[in-house]
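Open the model in your viewer and keep the selection tool at hand. We will go stop by stop.

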Amino acid sequence: MPELPEMETYKKLLYEKIVGKTITNIIINREKSINCRPDMFIKDILLQKVIRIDRRGKHLLFYLVNGRVLILHLMLGGWMYYGTEEEKPNRTIQIQLSFGIENLYFIGLRLGYLHLYPINEVDEALPNLGPEPLDINFTLPFFINYLHKKRGRLKTKLIDQKFLSGIGNCYSDEICYHAQLLPTRTLEDLTDIDKKQLYESIQLILRKAIQYGGYMNHAFYHDDRLTGGFDNKCKVYDREGELCERCGSEIIKKMISSRKTFYCPHCQF
Ligand SMILES: [Zn+2]
């Protein structure tokens, strides 16, 4: 599932491709992916200019010039592609937004959605999200204070969107590996040194993943050299049976709260 770095990558690329441009056509092949009647949806966004794109947790928000906002959540298996009809991937398209001869394709939206709201209803429409780990106010003292009286397993808490926004299965494992903390540890037994290390690993891994375009490698456009560059930088995620770069032990997979969790049992404590 796309997480914070993947959505930041989309945000960056969408800025390059569609911000300032006008939606010239809309095709809705899957009505369940939207939240109102297709004719109403189309009427509200046709010939509107995209003026800004924001990310909140794993959501992207497309602000239109008429005060409407499209809220996108890709969930599991969703992705986007931008290009002409000839460049279109050979996949089922759930929604297509056209910008002249180029189109933004929404693919794999089974659980994912593209919902339309007036700007003043956006906060209500979003679920209850925890702090953004890359926000300027998310400092080490804030984090230490925030952890006070918080309980639960590291893996479970890191992927809890009410605890922190935007981290999922991949980056929770990479953060724990970088911090040399076992994902089975609990927040309540972390030392001050562990907490500081955890904070630093959250910052470093998320920023590095954004820099390399995240780990999911569906190209966003035909000449996309950014998306997916972090995939081969992952140290443990989806690397069961491979050897740990740090200590040479075998990376293992374990289910924690019914989530696949990858870690090194030898150099994470
Ligand atoms: Zn190791």
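This is a predicted model: local features need pLDDT of at least 70, side-chain atom pairs count only at pLDDT 80 or more; totals for chains, interfaces and linings use all residues.

Numbering starts from 1 along each chain as its sequence is written, and side-chain values use heavy atoms, leaving out hydrogens and water.

**Stop 1: the zinc ion**

Select C244, C247, C264 and C267. Their SG atoms are the protein donors of the zinc ion, 2.2 to 2.4 Å from it. Donors here are N, O and S atoms within 2.8 Å of the metal (3.2 Å for Na, K and Ca); water is not among the atoms, so sites may look incomplete. Along the chain the donors follow the spacing C-x2-C-x16-C-x2-C. The angles among the 4 donor atoms run from 98 to 116 degrees, and the site is tetrahedral (four donors, all angles between 85 and 135 degrees). For four tetrahedral donors the ideal angle is 109.5 degrees. Now check burial, meaning under 20% relative accessible area, with exposed over 50% and partly exposed in between (1.4 Å probe, protein chains only). C264 is buried at 0%, and C267 is buried at 6%.

**Stop 2: helix α6**

Select residues 169-178, helix α6. Helices (H or I, at least four residues) and strands (E, at least two) are DSSP runs, numbered from the N terminus. Of the 10 residues in α6, 9 are buried; Y171, I175 and Y177 are among them. What do the buried residues of α6 pack against? Show α1 (4-17), α5 (154-158), α7 (192-211) and β10 (259-263); contact means heavy atoms within 4.5 Å. Stay on Y177: R246 lies over its face, 3.9 Å from the ring centre. A charge counts as over a ring if NZ of Lys or CZ of Arg is within 6 Å of the ring centre and within 35 degrees of the ring normal. After α6 comes Q180, with a positive phi near 55 degrees.

**Stop 3: the aromatic cluster**

Select F138, F142, F143, Y146, F163 and Y199, a cluster linked by ring pairs. Rings of Phe, Tyr and Trp (its six-membered ring) pair if their centres lie within 6.5 Å; planes under 30 degrees apart are stacked, over 60 edge-to-face, the rest tilted. The whole structure has 15 aromatic pairs. F138 and F142 have ring centres 5.6 Å apart and planes at 55 degrees, so they are tilted. F138 is buried at 3%, whereas F142 is partly exposed at 33%. F143 and Y199 are also tilted, with centres 5.9 Å apart and planes at 40 degrees. This pair joins helix α4 (residues 140-147) to α7, across 56 residues. Both F143 and Y199 are buried. Finish at K150: its charged end sits over the ring of Y146, 4.2 Å from the centre.

Notes: Four donors count as tetrahedral if all angles lie between 85 and 135 degrees; four count as square planar and six as octahedral if opposite donors are over 155 degrees apart and all others between 65 and 115; anything else is irregular.
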